[in-house]
Amino acid sequence: MVSGKLLFALASVATLGSVTTASAQTIKIGWVNSYSGFLAQAGDQMEKGLNLYVKLHSKDLPPGVKVEFVRRDDTGAPEVGKRVAQELITRERVQMLMGVVASPVAAAIAPLTAEAKIPFVITNAGGVAIPRISPYVTRFSFTLWQTALPIGTWSVKQGWKRGFSAVADFIPGHDAEGAFIKGFTDAGGQMLGSVRFPPASADYAPFMQRIKDAKPDVAFVWVPAGPAATAIMKAIKDLGLREAGINIVSAHDLLPDEELPNIGAFGADIVTAGNYSTTGVRPANTAFLKAWDEEYKGKAIPNFTSVAAWDAAHAIFELIKTTKGKFTGDEAMKFFAAWKDPNSPRGPISIDPATRDMIQDIYIRRSEMKNGKLVNTDIETIKAVKDPWKELNPPK
Amino acid sequence: MSHLTPSADRRAADIAAFSRRHRFHWFEALPWLIAVAAYFMFPNYLALGSQILAIILFALSVDLVLGYAGIVTLGHAAFFGVGAYTAGILAANGWGEPISGLLAAAVAAACIGLASGWIILRTTGLTLLMQTLVVAAMLYELANKAYRFTGGADGLQGMSVWPIFGTFRFDMFGNTAYFYCLVVLFFGWLVVRNTVNSSFGRSLTGIRENVGRMHAIGAPVAQRRLVVYALSAALAGIAGALTAQTAQFVGLNVLNLERSGTILVMLIIGGIGRLYGAFIGVPLYMIAQDRFAEADPTYWYFWIGLAMVFIVVFLRGGIFGVVERLLARSRKQ
């Protein structure tokens, strides 16, 4: 029975560690992130962005007001995410939910926020229809339609008329595929085919072979940002897709900044569309990178997920400052709907009050080797892009 | 011959012991009293509580085949998942009545249990273990591919479960869900308890202990194994449906290997073949998991693993096994 006691001791120590006393001026925010599972690396990027903002700006909060983040692991699985979100609402009585890497997780959580009437501030999950599920959802990241549609249009402009798409088989992958095909075919391109692979897959060779056999001019390849990006780039290299004359394009998830050192020289000269690159020349970005490097000592590289968490934390802190920490769910949503930040590290951003999604600049970037390092360099900027899908599919 | 026939006293005592076996003991009320008390003591933990209750039913179904009939399975999530998806798909497509959803889930899971059991129960031991795994893996892939019906990796979105009897709405705090699961678990437990104490149940233990002898006395071994497998599948299906209806969501993980494995772990912690192992192992495992995940969201899997190692090393035979050993020792003294 010794071990039984030990177990209970362990469990009770664990319990003590999490006990928190909330004063009237402590604002509890439920932070749902993927600490484990196939999106854990993206989760880490997001975590670092949030932590950096909170560390630098907690001193700016009104006196006596504290923000407490109650953190939970969704493991990348929607059923787990829904359960932890429910616990955060009913057990921890959080005033707001925030975070979420995976779109299926966000889609599972969203209905709860409609019932609980608390804001849900998404910092990654790009599934395009998610804000329609609940009026309490707002999003500081992007939709795949914002990034994948422009790259479709851009591809045709290069004279690449025959296309193929290969995407991970879940919500954002389907969005990416639909958006690319829309942009590509509207501009006069013709799709030769498309293929979907399991989101947590490790073996991409059979799918890349399908592309090679189809011999398109351009292949749109989408995987969630993280190690999957390096793995699929390796499959592209091993099968000689580019040597066979197939141009690879994608949304920023294929060449996320933090994976570039792992991808290396082979990843040069690939064009992707995204809302942030570390090489962006803006004073706000320079300041952000400086703070980042001081905090993480050059051991980490931020990406679009880190910036989305940073921007969302900024909006929430401004909300707290404006309201002195006293706000209802509806008041918070009203504040977010009018949110504008001309000085985000990614450029000017605002929330579209009609869709509660970002209006932001989208950059067409070409990857290149600079001083022995692979980087994404902006070559074109599309100003103030609204989510195209919501304009094409107005609410019924 | 008198030394071979037991004395009249001894025989009377034996018969009395056997006839008492079916009676309810006072300690059997304990889990239910604790469950009701927990409702009032932990009003913020009812969502977790209802999940624990549903998983206890799942563990009972595994105990029935593994603990009593000796059918070693690593694929019981197959039936849990079939039940969850049956109830979920019904609720997502306009039929959200919960109780008929449970029944439909039981029937669907029992059918899969009969069909797969008819093939795989011809084997025993490791071969059977592999076959149960394969059935679960096939269903997992099927659910993954049938995106239109199951939502694949995104999970089944848009479930709408109606109030029970048109009155008790499933609220976010889990009040309704808790009592719903408790009542269903109670009926499930009655079924399992009556089954294992019936002549059918005794013959299952006979099959587990000495299959050659059961053949020799003319017991229909194959048929009984198949029947108990289907019954267990139905119960697992109901447990899956409970989870689906109370969470209002179904994801692929209802069918994965991890679920088949952890349910065995929970049962082993409590004690196999004892009917009450499920009532101890499941809450212990799930509460520990909940505490660890809350205290250390980044590395909580590590703590779970560490706790498992401790249990395997020090708690052989599960908690019930330890209690029995202690009781036996104190009786000797």
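Visitor: Leaving aside neighbours within four places in sequence, which residues is Arg274(B) in contact with?

Guide: Arg274(B) is in contact with Gly67(B) and Phe320(B); two residues are in contact if their C-beta atoms, placed from the backbone, lie within 7 Å. This is a predicted model, in which local features need pLDDT of at least 70, side-chain atom pairs count only at pLDDT 80 or more, and totals for chains, interfaces and linings use all residues. Residues are numbered from 1 along each chain as its sequence is written, while chains are lettered from A and ligands numbered from 1 in the order in which they are written.

Visitor: Why is Arg274(B) called buried?

Guide: A residue is buried if 20 or more other C-beta atoms lie within 10 Å of its own, exposed if 12 or fewer, and partly exposed in between, with C-beta atoms placed from the backbone. Arg274(B) has 21 other C-beta atoms within 10 Å, so Arg274(B) is buried.

Visitor: Where in chain B does Arg274(B) lie?

Guide: Arg274(B) lies in the loop between helix H12 (257-270) and helix H13 (277-295) of chain B. Helices (H or I, at least four residues) and strands (E, at least two) are DSSP runs, numbered from the N terminus.

Visitor: What makes up the contact between the chains?

Guide: Chain A brings 37 residues and chain B brings 31 residues. On the side of chain A that touches chain B, H1(A) gives the most, with 11 residues. By class, that side of chain A has 19 nonpolar, 8 polar and 10 charged residues. Here Ala, Val, Leu, Ile, Met, Phe, Trp, Tyr, Cys and Pro count as nonpolar, Asp, Glu, Lys and Arg as charged, and the others, Gly among them, as polar.

Visitor: Why does the radius of gyration of chain A agree with that of a compact globule?

Guide: The radius of gyration is taken over C-alpha atoms, and the globule rule is 2.2 Å times the number of residues to the power 0.38. With 396 residues, a compact globule would have a value near 21 Å; chain A has 21 Å, so the two agree. Of the 396 residues of chain A, 54% count as buried.

Visitor: Which domains does the assignment give for chain A?

Guide: Domain 1 (24-141 + 284-356) and domain 2 (144-274 + 361-392); the bounds come from an automatic or database domain assignment. Taken over C-alpha atoms, the centres of these two domains of chain A are separated by 27 Å. In chain A, 21 residues of domain 1 are in contact with 22 residues of domain 2.
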